[in-house]
Amino acid sequence: MTDLISTVIAKYNYWIYITLMMIGLYAMIAKNNLVKKIVGMNIFQTAIILFYVSIGVKKGATIPILEHGHGPDAHHVVHAVDYINPLPHVLMLTAIVVGVATLGVALALAIRIYNNYNTLEEDEILAQIREK
Amino acid sequence: MNEQYPALLVVVPLLSALVVSIAGWVNKRLCFPVAVAALGMAAWSAVGLLLRVLDEGVIVYKLGGWSPPMGIAYYIDYLNGLVLPVVSIVALLNLIANKKGIEQQFPDKIGPFYTLYLLMVTGLLGIVVTGDAFNLYVLLEIAALTGYGLLAMGEERAPLATLNYLYMGTIGACFYLLGVGYLYIVTGSLNMVDIARLLPPLYQSNTVLAAFIICMVGVWLKMAFFPLHAWLPNAYTYANSAASSLIAPLVTKVMVYVMIRLMLTIFTTEFVFTTLALSDAVVWLAVIAIVMGAVLALAERNLKKMLTYIVVAEVGYMVGGAWLGNRDGMTGAILHIVNDALMTLCVFMVVGNIVYKVKGYAFEDLKGLFRKMPFTMGALVVGAMSIIGVPPTCGFFSKWYLIVGAISSGHYCFMAALIFSSLVSVVLFFRVFEICFYEPFSNHHGHDNHPGGMDEAPVSMVVPLLVVAVILILVGLYTGDIVNHVIQFAIPEAMV
Amino acid sequence: MNMETIISIKPLLAILVSLLVVPILVLSGKRPNVREACTFLAAGVKFLIILSMVPVILNGTQIVYTIAEVIPGVAIKLRVDAFGMLFALVSSSLWIVTSAYSIGYMRGLKEHSQTRYFCFFALALSATIGVAFSANLLTLYLFYEMLSFATYPLVTHHQDHEARSSGRKYLLYIVGTSIGFVLPAMLISYSLAGTLDFSSQGFLAGTGSKPLIGLLCFMFLFGFAKAAIMPFHSWLPAAMVAPTPVSALLHAVAVVKVGVFCVARVLTGVFGTDLLFSLNLNVPIIYIASFTIMAGSLIALSQDNLKRLLAFSTIAQLSYIVLGIALLSPKGMTGGMLHIAMHAFGKITLFFCAGAIFVATGKKNISEMIGIGRRMPVTIAAFFIGSLSIIGMPPCGGFISKWYLVLGTLEAHQMPILFVLLTSSLLNAAYFMPFVYKAFFCRPEDSMFENKVQEAPAFCVVPLVITATISVILLFYPQPFLRLARMMVQSITGV
C-alpha cells in the first residue's frame, strides 16, 4: 500500500493528467449537451499535451538556449543534463494548433446543428430526428 | 524531377489547395482543372515512386535535407509504394467523377469544397509516405479535420453524425499520440526506423507494451474496427456523395495501412506475434467484426447505409488477416487494402450516380434502375461480385489469401466468418438487384410493358465508374504480379 | 501417363467468341435480324473452333493455354482433354440449334427484352465452355460462378413475382452451395497440396487425414449443386419458370451438365480413382446417386406440369452420370461420360417439344394436352423419340450409355445398382408413355383441341426434328463421343 502511495506521489503530475483525461472522457460520454461534450474533448486533448510537456521537464534544468552558442568559444561541450528536452514542447506547439483547429471545427458543427434543430441537447435532437 | 517525387506527392496537393481556394474567389470554373492537375501530378508521382521502388528498393527522402533522426524523413518501401498509387488514383478518379455532382449540390461552395478535398488527399498521402511517428499524427489530424468538413456538407443529419465522428476521431488520434509519447519516453526518438532499431532490448518493458496497445486502440477507433465502429455508418451515409466516395474507400484503408506499419516496421513481427500473445484475441475480434458488420448490413433498407456496414465488415477482414501472424494472412490484408479501396470506391460511386439522378438511395428509390441506368448498374454488379468474392474480380484473390492464411494458422473460425460474410453479401446485393430488376413488376406474364427508357447519369460520371469497374477485374488478373513483385517484399522475411 | 501437350490460344478463342459477341448484340438490339444473325455467327464460329481441335485431341494430345498466373502455383489456365472436348462438343453444337429455336420461341410469344436474353445466353455459353476447358479447380470455379450469375437473368426473364421467388431459390442453392462448400473445400485442398491442377490420378492422395478427405469429397459433391444431387435439387424445378429455350439448353444441357461435369472432374482429377477406392468413398456416392435416381423418377410420375416433369426426370438422369463415374469401373465411367451427350440430345428434344406446344397452344399441363398429337404430329413424334432415348431403348442413343452403365455395375459388382437402373428405366417409361399415348390415341370427341391449332413456327419445329434425328443417329454412330469417353477413361484408369 505504501509502495502504491509512494509511486503515486512520486509521479503525481502524471496522475493528475490521467484524472484530467478521465474527466474529459466522462464528459464526452455522459454529457447531454453538445458543447459540454466538446469541452470534454478539449480537456482530454489538453491532458495529453500536459503529459508531453512533463516528459521534457528535468529538475534543475534550464531552457535549452545556449548562452555562448556564438562567438569564439562556441565549441564547448554542452551538458545535456543542464537543459530540458525541447523536442516534446515543440511537438506540443503543433498539437495545440491541431487541438484548436479541432475545437473550431467542432464548434462550427455545433452551430450548424443548432441552426437545424434549435437546440444543443442531444436527446432533444434525437427526438426530433425520430419524429421525422 | 523524379528525385523529388516524395515531396511533390504532398506539396503539390497542399499548394494547389491554396491556389484553389483563391481561384474559388476569382472564377469557380478554375477550381476543377487545378484540382485535377494537382491530383494528376500526385498520381503520376505515386506511380513513379512505385516504379522506382520496384527498381531500386527502399527510398529514403530527407525533407529539406535534414537527415534523420533530427529531420523528418519519408521512407518509401514496398508497402507504402503500393498504397500511394491506390490512394492518389482513387482520389483522382473520384474527383473527376463527381464534378457534376458537386456543381449540382453546392453551386456556391465549389472553391471551399475542392480546397478541403485537396487537403484531405494531402493528409492521406502524407500519412502513407511519412517515416516519422509524430508527423503521422499531424497528418492524421489534417486528414481527419478536412474529412469532418467534407462529411458535414450533406443532409440535415450530417453535422450531428460528423460531430460524433469528430469525438471518436479525436479520441483515436489522441490515443495514438499518447502511445507515441510512451515510445518517445523509452527510445527518445520519433523516427520509425530509429524506434524500431532502439526497441528490441525493451520488448519486455511494460511501457512498450502500453505504447503498442494504446496506439492500436487509437488506430482501431479511427478505422472503425468493431466494436469501435459506431461513428462510421451515420457519418458516411448522410454525407454528400463526393465526400463519402472519397472517404469511405480511403480513410479506413489508410488506417489499416498505419496499423500494418506499426506492426511491421515500428514494433516488428517478433514483438507483435512472439512477445505478445494477443493474436488469437484480435482474430476473434475480427471474426465478430465481420459477422456483425454483415448482420447489421442485412438489417438496413437503404443502399448507402448497407454499404457502410460492409465497410465495417471489410475492416474486420484486414485486421484479422494482419493478425493471423503468417505470411499469407498478411499478404491478404495488404492486398485487401488495394482491393477494398477500389471496390468500395466502385460501389460508392454508383451510389453517387444514383443520387445524382434519383435524388435518393433508399431501397424504394431503386426501382427499375437496371432499365434506367444500365451502365451504372453494370458497375454495381462488378463491384458487388468483387465484394462477394467471385473470380476474376480482385476481391476474390485477397479473400483467397486471407482464407489460406486462416487455414494455415488454424483459425478456422476466421475462415468461416469470411465465407459467412460472402454468403451474406450475396443476399445483400441480390436483394438490391431484385428491386432494381423486377420492380415495377410487369402486370401479366412476360410481355413488354415497362415504362420509360434509359436515363443514365452524365458521361463524365459514368466513364470513371466504368474505368474503376475494369480496374477491379484487371487488378484481379494481375494479382500474381502484385504479390510476387511488391507485397512479397513488403513483409519482413522473418514472417513465415 | 505423360500426354503430349501443345500450347494454343484456340480454347481461349472458343470461350471468347461468345463473350465478344455480347457488345455487338447490345448495339444491334434495335435490329432483331442483325442481332440473331450475330448469335448464329458466334455459335457457328464457336462450334468450328471446337471442332477444329477434335483431331488433335483424338491423337492423344492435350491443348493448354495459360491466361494469367494469379496465385503462386495456381494460374487461370485452360486445358482441353478428351472429357472436356466431349462436353464442349455437345454444348456448342446444341447452342446453334437452340439459337434457331430461341428465335422461333421468343418471336412466337413476343417476349420482352430479347436483346438481354440473347446476351446472357451468349455469356452462359462462354462460361460453359470455360468449365469444359478448365485446367484446374480455380479456373473451374471461376467459370462455374460466372455461369451461375449469367443464368440468373435468364431464369428470371419474366420479371414477375413467380420469377423472383424462383430466382431466389436458384441463387440460394447454386451460389450458396458453391461459396459455402466448394470455396472452402478448394482452399483446404490448396493448403493441403499446394496445387489445384487436375491430374489423371488426382493431387490429394497422401496429403490429408481420412476424415478430412472424406469431408472434402462431400463438400465438393454437394457444393456443385448444379448437378442437382438430392437434397440440393429443388432449384431445378423452380428454374422452370424460365422461357423454354433456357430450360432446354441450360437446364437440360449446359448448366446441369456443368454440375455433373464438375463433380466428375473433381472425383477423377482432384481425388483420383485410387484414393476414392482406398477410402471407400465411392460407395456412399453411389448410394446417394441411386437414391436421387429413384426419388427423382418417382416424383416425376406425379407431375402434371410438363416442364416440371422434365425437370425431375433431369434430376434423375444427372445422377446416372454421377453414378457412372462413382462406379470407378472403366465401363461405368465410359457410360457416365457418354450419358452427358446422350441425355443432352434426348432431353433437349423433349424440352423443345414442351416449348413448341406452349407456343402453339399456350398449354403447360399434361392433363390439358389430350389429343394434341393429332394437331402437332411432328412435335409429338419427336417427343416420342426423345423419351425413348431417355428410357434407354433402341433405336436411340440413350441405349448405348445405359448399356455401358449396366455393364459398369456388373464390372463393379454392384448388383443392387443394376436393379436401380432397370427400375428407373421402367419408371421413365411410366411417366413418358402415358403422355404420348394420350396425345395420339384418343377418340376424336375427347380431343381438347380445335382444328385450327397447328404446329409451332418452323423455327421451333426444325430444331426439334434435328435433335430427335441426332438422338437416333447416335445409336448407330456414337463414335466421336464414345472414342472421347474411352480415351478419358483410359487416361484415368489405364484400361
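In strand S3 of chain C, Val80(C) stands opposite Ile63(C), where strands are DSSP runs of E of at least two residues, helices are runs of H or I of at least four residues, and both are numbered from the N terminus. The model is a predicted one, in which local features require pLDDT of at least 70 and side-chain atom pairs count only at pLDDT 80 or more, whereas totals for chains, interfaces and linings use all residues. Residues are numbered from 1 along each chain as its sequence is written, and chains are lettered from A and ligands numbered from 1 in the order in which they are written.

The strands S2(C) and S3(C) pair in the antiparallel sense over six bridges, two strands being taken to pair if DSSP finds at least two bridges between them. The hairpin that S2(C) and S3(C) form has two residues between the strands, and within this hairpin Gly73(C) takes a positive phi near 85°. Strand S2 of chain C, residues 61–71, is also joined to S1(C), by four bridges and in the parallel sense. Along this second pairing, Glu4(C) stands opposite Thr61(C), and Ile6(C) stands opposite Ile63(C). Together the three strands make an open sheet with the order S1-S2-S3 and mixed pairing, in which S1 (4–7) and S3 (74–80) of chain C are the edge strands, each pairing on one side only. Neighbouring strands of the sheet are turned against each other by 40° on average, direction ignored.

Chain C also touches chain B, with 28 residues of chain C in contact with 27 residues of chain B; contact here requires that the C-beta atoms of two residues, placed from the backbone, lie within 7 Å. On the chain C side, the elements that give two or more residues are S2, helix H5 (137–155) and helix H6 (161–193), and H6(C) gives the most, with 13 residues. By class, this side of chain C has 15 nonpolar, seven polar and six charged residues, with Ala, Val, Leu, Ile, Met, Phe, Trp, Tyr, Cys and Pro counted as nonpolar, Asp, Glu, Lys and Arg as charged, and the others, Gly among them, as polar.

Between chains A and B, 26 residues of chain A are in contact with 23 residues of chain B. Helices H3 (34–56), H4 (86–117) and H5 (122–131) of chain A each supply at least two residues of this side, the largest share, 14 residues, coming from H4(A). The residues of the chain A side divide into 20 nonpolar, four polar and two charged.

Within chain B, helix H18 (residues 394–408) and helix H20 (residues 459–477) pack at an angle of about 40°, with their axes 7 Å apart; axes are lines fitted to C-alpha atoms, for helices over the stretch in contact, and angles run from 0 to 180 degrees between N-to-C directions. H18(B) and H20(B) are therefore oblique to each other, since angles under 35 degrees count as roughly parallel, over 145 as roughly antiparallel, 65 to 115 as roughly perpendicular and the rest as oblique. The contact is made by Cys394(B), Phe396(B) and Phe397(B) of H18(B) and by Leu472(B), Val475(B) and Gly476(B) of H20(B), and these residues divide into five nonpolar, one polar and no charged.
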